[in-house]
Amino acid sequence: KRQEESVLKLAERKAELVIETGKEVKLPPMSPYFRRKVHLYLANSPQFKDKVTTESVGTGNERAIKIIPKK
């Protein structure tokens with residue numbers, strides 16, 4: 001539970017950075033469970049859903065999320 005909170009906090013900080021800079025940011029590799037949590041959190045959060053989108057990149061244990069600014 002605590003790890004989940006820290007992953008979502010990280011995603012939140014990075015999404016704010018993406019909104020400020022207009023540049024995409026890649027999060028560290030994480031498990032499918034946490035990637036799904038981050039995708040859903042950012043897609044459903046009122047403060048981020050219209051400003052950023054997410055995409056999984058990489059393969060295997062190196063699979064990570066890229067947070068991309070919406071145009």
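This is a predicted model: local features need pLDDT of at least 70, side-chain atom pairs count only at pLDDT 80 or more; totals for chains, interfaces and linings use all residues.
Helices (H or I, at least four residues) and strands (E, at least two) are taken as DSSP runs and numbered from the N terminus. Residues are numbered from 1 along each chain as its sequence is written, and side-chain values use heavy atoms, with hydrogens and water left out.

Three strands form an open sheet in the order S1-S3-S2, with antiparallel pairing; two strands are held to pair if DSSP finds at least two bridges between them. Strand S1 (25-26) and S2 stand at the edges with a single partner strand each, so one side of each lacks a neighbour in the sheet. S1 and S3 run antiparallel and are joined by two bridges. In this pairing, Val 25 lies opposite Ile 67 of S3, and Lys 26 lies opposite Lys 66 of S3. The antiparallel pairing of S2 and S3 extends over six bridges, and Thr 53 has Ile 68 of S3 as its bridge partner. The hairpin of S2 and S3 has six residues between the strands, and Gly 58 within this hairpin adopts a positive phi near 90°.

Asn 61 is located in the loop between S2 and S3. With a relative accessible area of 73%, Asn 61 is exposed; the classes are buried (under 20% relative accessible area), exposed (over 50%) and partly exposed (in between), for a 1.4 Å probe and protein chains only.

Strand S3 is mostly covered, six of its six residues being buried. Burial applies to both faces of S3, with Ala 64, Lys 66 and Ile 68 on one side and Ile 65, Ile 67 and Pro 69 on the other. Ala 64, at 0% relative accessibility, counts as buried. Contact denotes heavy atoms within 4.5 Å. Apart from neighbours within four places in sequence, Ala 64 is in contact with Lys 26, Leu 27, Pro 28, Pro 29, Arg 35, Glu 55, Ser 56 and Val 57. The C-alpha atoms of Ala 64 and His 39 are 11 Å apart, the two residues being 25 residues apart along the chain.

Helix H1 comprises 20 residues and reaches 29 Å from its first C-alpha to its last, close to the 28 Å expected at 1.5 Å a residue; the expected span is 1.5 Å times one less than the number of residues in a helix. The buried residues of H1 are Glu 4, Val 7, Leu 8, Leu 10, Ala 11, Ala 15 and Val 18. Viewed down the axis of H1, these buried residues fall within an arc of 155°, so they line one face of the helix; the arc is that of the directions from the helix axis to the C-beta atoms. The face turned away from the buried side of H1 carries the exposed residues Arg 2, Arg 13 and Glu 20. The elements covering the buried residues of H1 include S1, H2, S2 and S3. Gly 22, which follows H1, has a positive phi near 75°.

For helix H2, the 13 residues should span 18 Å at 1.5 Å a residue, and the end C-alpha atoms are 18 Å apart, which agrees. Phe 34, Arg 35, Val 38 and Leu 42 are the buried residues of H2. They cover an arc of only 105° around the axis and are therefore on the same side of H2. Pro 32, Arg 36 and Asn 44 are exposed on the other side of H2. The buried residues of H2 pack against H1, strand S2 (52-57) and S3.

The largest nonpolar core has 16 residues, of which Ala 15, Leu 27, Met 30, Val 38, Leu 42, Val 52 and Ile 67 touch the most other members. Helix H1 (2-21), helix H2 (32-44) and strand S3 (64-69) are the elements that give two or more residues to this core, and H1 gives the most, with six residues. Such a core is defined as a set of buried Ala, Val, Leu, Ile, Met, Phe, Trp, Tyr and Cys residues joined through side-chain atoms within 4.5 Å. Not counting residues up to four places away in sequence, Met 30 touches Val 7, Arg 35, Val 38 and Arg 63.
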